[in-house]
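Here is a short tour of one protein chain. Look over the model first, then read on section by section.

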Amino acid sequence: MLASEQKNNFYLIHFLTLRKIVGLLGIVLPIVLVLGSIFLFHCDQVETSISNYYHTNMGNVFVGIICAFSVFLFAYKGPQKIDGIMGNIAGTFGAIAAICPTTIKDDICLPNGMVPASHPNLIGIIHLISAALFFLTLAYFSLFLFTKTSGIITAQKLRRNKVYKVCGYVMIGCILLLIPYFAFPSMKPQFNSYKYVFVLETLALWAFGFSWLTKGEAILKDK
């Protein structure tokens, strides 16, 4: 095998593996937070949002996984320069969302005697904006980068493109559906009773994870 071919194969394995890791993290994040809170810390409730887990016993896990997202996205270069640029942008928004916790306005599951840390509303706003931009950047990956091809468009590639588009639109749709939650504060108790924010965030994360697993050739791989 030529040296150039060996080099290309190395990078092929490299970014395919990163895609799988990033996708898997997106899928397991809400599952790990909920199950860890219930079975390790005997919490009998699901928080109203994934971000609220920052203030619980699973806070270190939440921050750790979000930071892992950012690290892998910073490391991700992809086949074109734009992939690396968007990876850096997504990694930046993810890191900001991790270090700027959401503002606590709901009852959360805390161990006895523990009081949630108080943060200025500005920090919560930065977290919210960063999280939204994080998902929008990932939706851009699905809709505009993952659908590209530099070779023959196979039947499997056409199927993968449908997956990318569905996942991208699901992420955007989840962000849009969150607008009423913040636009109508008086309705928040009703929304929270159905875990509205948590469900939408989970759907967005699973769409993102499924898209990256598909791009990493864990799903619908060409024969």
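Ser37 is buried: its relative accessible area is 4%, and the cut-off for buried is under 20%. The model is a predicted one. Ser37 sits in helix H1, which covers residues 3-41.

What does Ser37 touch, leaving aside residues up to four places away in sequence? The list is Val32, His42, Cys43, Tyr53 and Met58.

## The chain as a whole

The chain has 7 helices and 0 strands. Read from the N terminus, the order of elements is α-α-α-α-α-α-α.

Of the 223 residues in the chain, 43% are buried.

Nine names make up the next feature. Ile31, Leu35, Ile38, Phe39, Val166, Val170, Val199, Leu203 and Trp206 form a nonpolar surface patch of about 760 Å². Which helices each supply at least two residues of the nonpolar patch? They are H1, helix H5 (155-183) and helix H7 (196-215). H1 gives the most, with 4 residues.

Leu35 is one of the patch residues, and it lies in helix H1. Its relative accessibility is 41%, so Leu35 counts as partly exposed. Ser37, in the same helix H1, is buried at 4%.

## The largest pocket

The largest pocket holds about 810 Å³ of space. Its lining comes from 36 residues. Those nearest the pocket centre are Ser51, His127, Leu128, Phe182 and Glu201. Two or more lining residues come from each of H2, helix H3 (81-99), helix H4 (121-145), H5 and H7. Which element gives the most to this lining? H4 does, with 9 residues.

Ser51 belongs to the loop between H1 and helix H2 (59-75). With a relative accessible area of 10%, Ser51 is buried. Beyond residues up to four places away in sequence, Ser51 touches Phe62, Thr102, His127 and Glu201. His127 and Glu201 are also among the residues nearest the pocket centre.

Leu200 is part of helix H7. Is Leu200 buried or exposed? Leu200 is buried, with a relative accessible area of 7%. Leu200 touches Cys174, Leu177 and Leu178, not counting residues up to four places away in sequence.

Take the pair Leu200 and Leu177. Along the chain they are 23 residues apart. Their C-alpha atoms are separated by 7.8 Å.

## One salt bridge

How many salt bridges does the structure hold? It holds 1. The partners are Arg160 and Asp222, with their closest N and O atoms 3.1 Å apart. Arg160 lies in helix H5 and Asp222 in the segment after H7, so the pair ties together parts that are 62 residues apart in sequence.

Arg160 has 9% relative accessibility and counts as buried. Asp222 has 30% and counts as partly exposed.

## Two positive phi values

Most residues other than glycine have a negative phi. Lys195 has a positive one, near 55°. Lys195 is in the loop between helix H6 (188-193) and H7. Its relative accessible area is 27%, so Lys195 is partly exposed.

Glu217 also has a positive phi, near 70°. Glu217 is in the segment after H7. At 34% relative accessibility, Glu217 is partly exposed. Asp222, the salt-bridge partner of Arg160, is in the segment after H7 as well.

Methods: Residues numbered from 1 in each chain as written. Predicted model: local features only at pLDDT ≥ 70, side-chain atom pairs only at ≥ 80, totals over all residues. Heavy atoms only, no water. Buried < 20%, exposed > 50% of the residue type's maximum accessible area, 1.4 Å probe, protein only. Contact = heavy atoms within 4.5 Å. Patch = residues over 30% accessible without salt bridge, like charges linked within 9 Å, V, L, I, M, F, W, Y side chains within 5 Å. Areas by Shrake-Rupley, 256 points an atom, 1.4 Å probe, with all protein chains shown as cover. Salt bridge = Lys/Arg side-chain N within 4 Å of Asp/Glu carboxyl O. 1 Å grid on protein atoms, 1.4 Å probe; cavity = no way out; pocket = protein on both sides within 12 Å on 5 of 7 lines; lining within 4 Å. Points joined across faces, edges and corners; volume = space filled by probe spheres on them.
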